[in-house]
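Colleague: I would like to learn how to read the surroundings of a ligand. Please take me through one case.

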Amino acid sequence: MTLVIAIDGPAAAGKGTLARRLALALGLAYLDTGLLYRVVGRRVLDAGAAPSDPAAAETAAHALVVTDLARTDLRGPEADQASSLVAKVPGVRAALLAFQRGFASKGAVLDGRDIGTVVVPNATVKLFVTADLSARARRRWLELQGRGIAASLAQVEAELQARDARDAAREAAPLRAAADAVVLDTTTLDADAAFARGLEIVQSRVGFA
Ligand code: CDP
């Protein structure tokens with residue numbers, strides 16, 4: 001059986017940390033699909049265009065190469081907003097779909113917003129990882145501090161809220177839990193506890209691991 005674990009949820013809920021740890025524990029490849037949208041947003045900015053320009057975003061999506069994922073300028077407030085703006089464009093999402101499905105076909109953990117609903121609707125296990133806005137904002141704020149990016153906690157919280165609202169309200173592959181996803185609320189869980197719970201859910205779904 002090809003094991004595919006789909007992890008979706010709002011920004012800074014702990015999806016990436018959980019996905020990486022599950023992939024390591026289960027010997028699976030891991031794809032952070034948010035990076036794809038971040039590269040597209042960054043490429044649009046590099047071209048001097050606006051991330052809200054659908055044609056520029058689609059051109060950038062078609063130009064994406066895998067080595068772009070190693071770029072070091074994909075995080076931070078500007079990249080966050082740009083990624084979410086280009087992610088609204090149906091042509092951008094369509095351009096990125098085949099790569100994500102190809103990656104998943106060999107067995108993998110993927111995290112994003114639409115993995116369980118659109119990219120791999122027949123995934124073996126679907127997790128919807130979430131947490132209270134204030135807990136997520138604090139985590140992202142600490143992360144930014146660690147990277148030397150100055151921002152107030154209130155600013156980070158407002159930015160997360162705006163991005164989640166845009167991601168959930170868009171017509172193309174909106175952020176939402178698949179009907180068969182298990183919700184994992186990490187508000188009061190640290191990374192170890194979230195991993196333990198995530199692994200438990202996977203094990204109960206697949207009966208091994
Ligand atoms: O790390 P964080 O949760 O802040 O964001 P991310 O997972 O890197 O995703 C950045 C943006 O890409 C999101 O706000 C979404 O707009 C978009 N995205 C998406 O539309 N679909 C995905 N599968 C993954 C990300």
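Colleague: Where does the ligand sit?

Modeller: This is a predicted model, in which local features need pLDDT of at least 70, side-chain atom pairs count only at pLDDT 80 or more, and totals for chains, interfaces and linings use all residues. Residues are numbered from 1 along each chain as its sequence is written, and side-chain values use heavy atoms, leaving out hydrogens and water. The ligand sits in the largest pocket. A pocket is an open set of points, on a 1 Å grid over the protein atoms alone, with protein on both sides within 12 Å along at least five of seven lines; a molecule sits in it if more than half of its atoms lie within 2 Å of its grid points.

Colleague: Which residues come nearest to the ligand?

Modeller: A residue is near if one of its heavy atoms lies within 4 Å. Of the 19 residues around the ligand, R38, R93, R140, R163 and D167 come nearest. By class, the shell has 10 charged, 5 polar and 4 nonpolar residues (Asp, Glu, Lys and Arg count as charged; Ala, Val, Leu, Ile, Met, Phe, Trp, Tyr, Cys and Pro as nonpolar; the others, Gly among them, as polar).

Colleague: Which polar side-chain atom lies 2.6 Å from an oxygen atom of the ligand?

Modeller: A polar contact is a pair of N or O atoms within 3.5 Å. The 2.6 Å case belongs to D167, while R140 has a polar side-chain atom 2.8 Å from a ligand oxygen.

Colleague: What does R42 form a salt bridge with?

Modeller: Side chains of opposite charge can pair when their charged atoms come close. A salt bridge needs a side-chain nitrogen of Lys or Arg within 4 Å of a carboxyl oxygen of Asp or Glu. R42 pairs with D73, the closest N and O atoms being 3.7 Å apart.

Conventions:
A polar contact is a pair of N or O atoms within 3.5 Å; within protein, one must be able to donate a hydrogen and the other to accept it, and residues adjacent in sequence count only if both atoms are side-chain atoms. On a 1 Å grid over the protein atoms alone, a cavity is a set of points where a 1.4 Å probe fits but cannot get out, and a pocket is an open set with protein on both sides within 12 Å along at least five of seven lines; lining residues have an atom within 4 Å of a point.
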